[in-house]
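These are my notebook entries on a two-chain model. I set down what I looked up, entry by entry.

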Amino acid sequence: MLFYTWPFLIFLLIVLPVFFALQRTRWWLAWLAIASYFFYGWWNPYYLLLVAYSTVLDFCLVVLMDHCPRQRQRVDVLARLTRLRFDEPVLRNAFLVATLATLGSLTLTLAGPHTVRPAMVALGFICLLMALGALFRSRRTWLFISVANNLALLLFFKYARFVSENLNALLSWVHLSLKLPDPSTLMPFGLNYVLPVGISFFTFQSLSYTIDFYRGNVDRERNFLRFATFVCFFPQLMAGPIQRAKHLLPQLRQFPPFQLGNITDGLSLFLVGLFKKLAVANYLAFYVERVYDNPAACGAPALMLATFAFAWQIYCDFSGYTDMARGVARLMGFHLILNFNHPYLATGLGDFWTRWHISLSTWFRDYVYIPLGGNRRGPFNTYRNLLITFLISGFWHGAAWTFVIWGALHGAGVMLTRVLERSAIYRERVPRLFKQSWVFLYVCFAWIFFRAESLGDARLIVRRIFTAAWRDPQIPLLMLALVAGVWLYQFLYESRVRGFLRHGFVRVGLAVVIVLYLCLCSSGGGVFIYFQF
Amino acid sequence: MNEPSKDATATRSESQTAWDPVPFGATEVRLSARQWLLVWAILVGVAALTPWFWKKIERFDIPPDYRLPYTLSNDYWLYQRRLERITNPSAIVVLGDSMVWGEYVLPDGTLSHFLDRETGQPSRFINGGVNGLFPLALDGLDDYFGRPLRHRQIILHCNLLWMSSPKADLSAPKEQTFNHSRLVPQFFPKIPCYRADANERLTAVVEREVPFLAWVNHLQCAYFDQHSIPAWTLADDGRDPPHYPNSYRCPFAQITLRVPSAPDPDPQRGPQSPRHKPWFADGNQPTDFDWVPLDSSLQWHAFQHLVSRLQRRGDDVLVVLGPFNEHMIAQENLPAYRKTRDGMAAWLDQNHVAHVVPETLPSALYADASHPLTQGYELLAQRLCQSPEFQAWLK
């Protein structure tokens, strides 16, 4: 159910009135959870099992973590094992349940149907870890389970095929007959091996809660329904923005006050998102597809323009989705964080990442870069940490070497910017427009690797941009005008003319033009690019 | 990874509350309730007035024997406009599919043309056929765009071709694409072979209910080769390697404010065209048809529905059943065909609907199973005018 489709409108027209009607009852949260699960189940009901599993496990892990002391204490393991003497009944019960579940999984692994064995091995391992966590009263074990479980889900559904293909290629290269099975053969009950939509987003969101609780940054959420709603809140479930527990959970504690301003703000955000997606992103997609599907047949100008077009396509696609997500949430009175802030006006690569996919970049900053040491241990370690973080970020986007290279290019770009910005001449003398231009060109160059079908294609495109003939790119003028319009608007918005753009008449005129343009020139459907991540 | 820049927080909106630490949005196209009301008022005004105003400024020539050009078959807004332009109160509209429209013939070779000639009343019979229609779509076309047909005399042609197989009847379970899918019932009754997703179906429902969107479709059909404007700018010329002739054209220059007419001469139609020949000229033989029982036929139910609505609306309806090309039906299959045809006639009798069941035309006057050639239409018109039912109905 895409935001710009009629089924979603009907869905919303049912969800919103019921939601507001339930404001004086305690059922509004349940309604929100039901709506969110329905929304997700619309894609594929089997995906719901994954969300539910991830939610239940992380909720339970934090409950168990809460029953463990913050400081390490000596534990009489023998007494616990032989006489089940636990200080906390919760931990004793957890130990018993986890042990029994481990044994059950072991039994099913050995004697169960062939199709469930791999899943039972994984489940048995998680249960064994849980039994150990209960036995040792270790907060760190619970955190480890949460991290391992969420990453395992992500690894299996998103990266297993990539890993097995690469390892098999390596094994055959060194002439070993060993071969890893295709991940689809590991699916229980012969279910289809497909990437669940939004898995990277909801696992990260759930994970941030357990890590934040472990660090003492958030309180334990005692209401399971609230936590479940936090994980699967439908506006941001598919492609973010990734919310933090300390931001969204408090908003779910009480019914948001009904304000007319929320409705008008929600509509405003939604309209802008709709324009970005339907009018700009979907239109640009046609040209990008035409060129990138057959780069060998295109001249240098077409390849360059298609790369620029892709830069704007992905921006309008993703930020359009985010705007719509934030708009829908705002209609109900919830405030989701800003995810994009004119990234193509950034003056450095570091600046770019404070404007592009802000919820993800701050996630990686807080949970990868800073734990790695951040910028605390000298320039070398800082650059190393930056590079590692961006490599992981690239890999997060997709299971292909092109994404890893994309991440590496951004890591290198951020490092380069840092070096440049240390120089007073660069900081103070180089014109802002020049900085913005080179950053945009650099980002566009990196997008080649992001968009290309394969590493070979990416190399071909880069080579042809510099060597191919200058043939007519046949890019529609309307497309160029549209992109120029969006760019100009953003540029003006960050200039002194902002006051004029915020004038009531300009806003009204803009809204009217957007709606009419959508009616007359909408470019049809197409799923959001970031759904595949 | 850096700390959020000052820019990210600089866009904080003026009306943030204490528990709203989130900047509104990067672009701030933020409207108040009053501004939204103004926007909707403007949009409603534009949506209501534009189609009306367009009719005033767009030139739409309707010569004698006019029929909707083939390329504008999906332009239902124009179809409605054409019906609105019928000023003669005694005009008779001939409704139907490509048989009425004249698939193989020129405008002066159609049934309506020969009816005009036979009755000696020029421009009394209006060609209301649309290429590619079938009863399910015709029912929708009349329902959503046929309001100008109120209180008129209507000849409704029933083409038995649409009941000649489950596939033609659209009752086969296998998915298939067909013309005018936006006119068929999107949800009820269920069409088994129609597998559009919920969004496509709802889009069709909205488009046919909102005149402004039908007008937008008219623009696309009339000036942009049935594409949206962005798709038109990207359209290729079909050659290899492709060329994109519209890339640098200004879309606004395409809007000539003149409804396109059919190509003259039309190389695909008329006695001079290679398609205008008897059905057996290519070696076709009589075949078996898998006639769909009337009680389970979707197309027949739609046709019944259409007749009932026309009657309720105060129209004086005459149904012309066939004539199907019986020469093309295998001998052993003829009883099934006759049973279908007689069943239809019986229903029309029971419901007091005036109807004519014309005799089959000579074999050489058919181009295929249901479309006559020019001489076929001429003969059919003669026979219709001679039939007492027709004369009684014509008064």
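**Entry 1. Conventions.**
I worked from a predicted model, in which local features need pLDDT of at least 70 and side-chain atom pairs count only at pLDDT 80 or more, while totals for chains, interfaces and linings use all residues. Residues are numbered from 1 along each chain as its sequence is written, and chains are lettered from A and ligands numbered from 1 in the order in which they are written. I took helices (H or I, at least four residues) and strands (E, at least two) as DSSP runs, numbered from the N terminus.

**Entry 2. A helix pair in chain A.**
I looked up helix α6 (residues 117–136) of chain A and helix α7 (residues 139–173) of chain A, which pack at about 165° with axes 9 Å apart. Axes here are lines fitted to C-alpha atoms, for helices over the stretch in contact, and angles run from 0 to 180 degrees between N-to-C directions. α6(A) and α7(A) are therefore roughly antiparallel, a term for angles over 145 degrees. The crossing of α6(A) past α7(A) is left-handed, that is, the near helix is turned anticlockwise from the far one by less than a right angle.

I then listed the residues in contact (C-beta atoms, placed from the backbone, within 7 Å). From α6(A), those that meet α7(A) include Ile126(A), Leu129(A) and Phe136(A); on the α7(A) side, Trp142(A), Ile145(A) and Asn149(A) are among them. By class, this contact has nine nonpolar, three polar and no charged residues. I counted Ala, Val, Leu, Ile, Met, Phe, Trp, Tyr, Cys and Pro as nonpolar, Asp, Glu, Lys and Arg as charged, and the others, Gly among them, as polar.

**Entry 3. The sheet of chain B.**
I found an open sheet of five strands with parallel pairing, in the order β2-β1-β3-β4-β5 (chain B). Two strands pair if DSSP finds at least two bridges between them. The edges are β2 (125–129) and β5 (354–356) of chain B, each pairing on one side only. On average, neighbouring strands are turned by 25° against each other, direction ignored. β3 (residues 153–158) and β4 (residues 316–321) of chain B pair in the parallel sense over six bridges, and Ile154(B) stands opposite Val317(B) in β4(B). Helix α11 (residues 298–312) of chain B packs on the sheet and touches β3 and β4 of chain B; its direction makes about 155° with that of β4(B).

**Entry 4. Backbone sites.**
I noted a cis peptide bond between Phe188(B) and Pro189(B), with omega about -5°. Pro189(B) is in the loop between β3 and α7 (198–209) of chain B. The bond from Gly322(B) to Pro323(B) is also cis, with omega near 5°, and Pro323(B) lies between β4 and α12 (334–350) of chain B, in a loop.

His342(A) counts as buried, with 22 C-beta neighbours inside 10 Å; the term requires 20 or more other C-beta atoms within 10 Å of the residue's own, all placed from the backbone. His357(A) has a positive phi near 40° and is in the loop between α14 and α15 (358–372) of chain A. His357(A) is buried, with 23 other C-beta atoms within 10 Å.

**Entry 5. Contact of the chains.**
The contact takes 46 residues from chain B and 56 residues from chain A. On the chain B side, α2(B) gives the largest share, eight residues. By class, that side has 29 nonpolar, 13 polar and four charged residues.

How values were computed. Angles under 35 degrees count as roughly parallel, over 145 as roughly antiparallel, 65 to 115 as roughly perpendicular and the rest as oblique. Two residues are in contact if their C-beta atoms, placed from the backbone, lie within 7 Å. A residue is buried if 20 or more other C-beta atoms lie within 10 Å of its own, exposed if 12 or fewer, and partly exposed in between; C-beta atoms are placed from the backbone.
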